[in-house]
Amino acid sequence: MKNKMKSPLEYKKNTLHFDGQSLNLIAQKWQTPFYLYSKKTIEFYYNDFTLKAQEQGLDDILICYAIKANNNKDVLKLLRKLGSGADVVSGGELKLALKAGIHPSKIVFSGVGKTDEEIEMALKCHKNGIFSFNVESLEELADINRIAKKLNKVARVAFRLNPQVHAKTHRYIATGNKTHKFGILAEDILAGLKSKKYWSHSKLVGLSIHIGSQLTEMKATKEAIKELSDLALKINRPLEFLDLGGGLGIDYTEEERKELTSTAEYMKAIHEALDAFYYKKTDERPKIVFEPGRILVGKMGILISKVIRTKVSGGNHFTIIDAGMNDLIRPALYEAHHDIYPVMRKTKEISTDIVGPICESADCFGSAMKLPPMKNGDFVVIDNAGAYGHTMSSTYNERQRVKEVLL
Ligand code: LLP
């Protein structure tokens, strides 16, 4: 096992186990492929996140779990029980959060394309609406103000700052550059604050940032916190909270394992940056909001799949499995690496491409992987699939969306 972080997977006598239970037995219970989630691992990561914040003196925090990472209803209910709020990006996600019992006073709504209907739904879901609309443009703020006026309500809003930093991650999931569609530039926020037209039915309660996902180093995060702090000081009015977004990465690859920022190091970096750029310059102590997704659920999930057949062609060996890019799109979309393990370990290994049945060459989970030779019906596990696995799955090639099982 190559995991550096806590994982539910472990070999016992050459059989892969998940939270102590034999995967050979579990895999036979449901039709493959299916996702398997570990309740214990979610609990560990949620509690660890809170604990590591507290250890840095960050006591007044709100965790708004980013539902897009994994929106399974049992996962949401578990996180709600642990105390989590939610970061939602659509009316659908808002409904899921409310259905899981997450209180509107713990819900932030992000995203550049909130529709009138979605804004209305969020304003109406409680007499005080939601905790915050994290607004991504002045145009959106005008819409929120207009709709709040129609409903005779006051919308709680936070500006999402575009801090103009370059986060080191895959370019598809970096969100803090000046040219990105996300957030608002500081000068535009300051102009927006001066203009009365936005504020008849909106109230500024906070500021937010989110610079990208799968971040393994903290340089850009610290720079962004500096930009956020500078803006908060310039605005010079009491804010209920500063929302630092999500983004903390997990160890998918050897390189990420080497560089990885642990939750403790993440909280330390955040505290140091807040201290240097904000706390030292003001007596204000707003609540700190986090929107973690992947760090809470990435490690708790695996995708279990069965070998359909093997094939040798042009000198290449292929192991064809019944999971495809429609079930887990990360390798195809971001050329992301997911470790793959046979459920039954053998000493002999061959070099094989692990591919799915979808009619695209991108439907490949790993090239030239060193794995034992497998035969039809053998089970394999694709690791670290708890975040952005099932939520990004589709019915491409007219396949069913697969089952999720919480252990
Ligand atoms: N907050 C906002 C505003 C976000 O856009 C996101 C993720 C998060 C929080 C949570 O980020 P996390 O802690 O999970 O990194 N599909 C990609 C990741 C896309 C992330 C989108 N936004 C992947 O599979 O790597």
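Domain bounds in this report come from an automatic or database domain assignment. The model is predicted. On those bounds, domain 1 (9–37 + 299–406) and domain 2 (39–298) each give at least three residues to the lining of the largest pocket.

**The largest pocket**

The largest pocket holds about 580 Å³ of space. Its lining consists of 28 residues, and those closest to the pocket centre are Lys68, Thr175, Phe182, His210 and Tyr388. By class, the lining of the largest pocket comprises eleven nonpolar, nine polar and eight charged residues. The ligand sits in this pocket.

**The ligand and its shell**

A shell of 19 residues surrounds the ligand, with Ser213, Glu291, Arg330, Tyr334 and Tyr388 the closest. The shell is made up of six nonpolar, seven polar and six charged residues. Like the pocket lining, the shell takes at least three residues from each of domain 1 (9–37 + 299–406) and domain 2 (39–298).

| Residue | Protein atom | Ligand atom | Distance |
|---|---|---|---|
| Ser213 | side-chain N or O | oxygen | 2.4 Å |
| Glu291 | polar side-chain atom | nitrogen | 2.6 Å |
| Gly293 | backbone N or O | oxygen | 2.9 Å |

On its own, the ligand has 590 Å² of accessible area, and the protein covers 92% of that area. Gly293 takes part through a backbone atom.

**The second largest pocket**

The volume of the second largest pocket is about 390 Å³. It is lined by 16 residues, of which Thr169, His170, Gln214, Thr253 and Glu256 are the closest to its centre.

Over the whole structure, the search finds three cavities of 30 Å³ or more. The largest cavity has a volume of about 70 Å³. Its lining is formed by Ile209, His210, Ile211, Leu215, Thr221, Ile225, Leu244, Gly246, Tyr266 and Ile270.

Definitions and conventions. Residues are numbered from 1 along each chain as its sequence is written. This is a predicted model: local features need pLDDT of at least 70, side-chain atom pairs count only at pLDDT 80 or more; totals for chains, interfaces and linings use all residues. Side-chain values use heavy atoms; hydrogens and water are left out. A residue is near a molecule or strand if one of its heavy atoms lies within 4 Å of it. A polar contact is a pair of N or O atoms within 3.5 Å; within protein, one must be able to donate a hydrogen and the other to accept it, and residues adjacent in sequence count only if both atoms are side-chain atoms. Accessible areas come from the Shrake-Rupley method with a 1.4 Å probe; for residues, only the protein chains shown count as cover. On a 1 Å grid over the protein atoms alone, a cavity is a set of points where a 1.4 Å probe fits but cannot get out, and a pocket is an open set with protein on both sides within 12 Å along at least five of seven lines; lining residues have an atom within 4 Å of a point. A molecule sits in a cavity or pocket if more than half of its atoms lie within 2 Å of its grid points. Ala, Val, Leu, Ile, Met, Phe, Trp, Tyr, Cys and Pro count as nonpolar, Asp, Glu, Lys and Arg as charged, and the others, Gly among them, as polar. Grid points are joined across faces, edges and corners, and a volume is the space filled by probe spheres set on the points.
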